[in-house]
Amino acid sequence: MAEVPEVKSDPDAVLSKATLKASALLGLSNAELAKVLGISRPSVSRIASGSRHIDSLSREGEMALILVRIFRSLDQLVGGDSCRRTAWMTSHNKAIAGVPKTAIQTMHGLVHTIDYLEGISPS
């Protein structure tokens with residue numbers, strides 16, 4: 001039996017791919033994602049093209065991880081329904097005191113949103 005070579009994934013590449021996917025499914029533009037991560041729009045374009053990755057140990061990496069957690073929590077909450085996910089992201093939320101899509105573009109809003117979602121999500 002032939003041995004299967006061990007494949008080691010690059011955590012920065014995995015985080016970059018997960019962040020781009022979560023961002024798209026949350027309905028964020030590249031400009032909005034740039035604000036969430038605290039980086040420039042051209043940097044987001046380089047991440048999308050694969051010529052740059054999000055450093056998982058950096059501040060932008062921390063913000064990216066929170067964004068992915070927001071997507072996962074919200075997706076669980078809405079049962080994977082993209083229409084409900086979009087409605088939640090674009091509607092005013094009293095607990096968040098704003099529209100989530102706008103709120104997550106600041107560090108405070110990003111953290112507040114994940115705290116809220118993880119507090120109400122079923123285990």
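Before you start: residues are numbered from 1 along each chain as its sequence is written, and side-chain values use heavy atoms, with hydrogens and water left out. Since this is a predicted model, local features need pLDDT of at least 70 and side-chain atom pairs count only at pLDDT 80 or more, while totals for chains, interfaces and linings use all residues.

**Exercise 1.** Find out whether Ser23 is buried or exposed, and what it is in contact with.

*Solution.* 
- Step 1: Ser23 sits in helix α1, residues 11-25 (helices are DSSP runs of H or I, at least four residues, numbered from the N terminus).
- Step 2: check the accessibility. Ser23 has a relative accessible area of 3%, so it is buried (buried means under 20%, exposed over 50%, partly exposed in between, with a 1.4 Å probe and protein chains only).
- Step 3: look for partners. Skip the neighbours within four places in sequence, and Ser23 is in contact with Leu28, Leu33 and Leu67 (contact means heavy atoms within 4.5 Å).

**Exercise 2.** Work out which residues of helix α3 are buried and which exposed ones the opposite face carries.

*Solution.* 
- Step 1: list the buried ones. In α3 (residues 41-49) they are Ser43, Val44 and Ile47.
- Step 2: see how they are arranged. They cover an arc of only 100° around the axis, so they're on the same side of α3 (the arc is that of the directions from the helix axis to the C-beta atoms).
- Step 3: recall the helix rule. An α-helix has 3.6 residues a turn, so residues three or four places apart point the same way.
- Step 4: Turned away from the buried side, you'll find the exposed residues Arg41, Ala48 and Ser49.
- Step 5: ask what does the covering. The cover over the buried residues of α3 includes α1 and α2 (30-37).

**Exercise 3.** Say which parts of the chain the salt bridge between Arg69 and Glu118 ties together.

*Solution.* 
- Step 1: check the distance. The side chains of Arg69 and Glu118 meet at 2.7 Å, N to O (a salt bridge is a side-chain nitrogen of Lys or Arg within 4 Å of a carboxyl oxygen of Asp or Glu).
- Step 2: locate the ends. Arg69 is in helix α4 (residues 59-77) and Glu118 in helix α7 (residues 107-120), so the pair ties together parts 49 residues apart in sequence.
- Step 3: check the accessibility. Arg69 is partly exposed at 37%, and Glu118 is partly exposed at 39%.

How values were computed
Helices (H or I, at least four residues) and strands (E, at least two) are DSSP runs, numbered from the N terminus.
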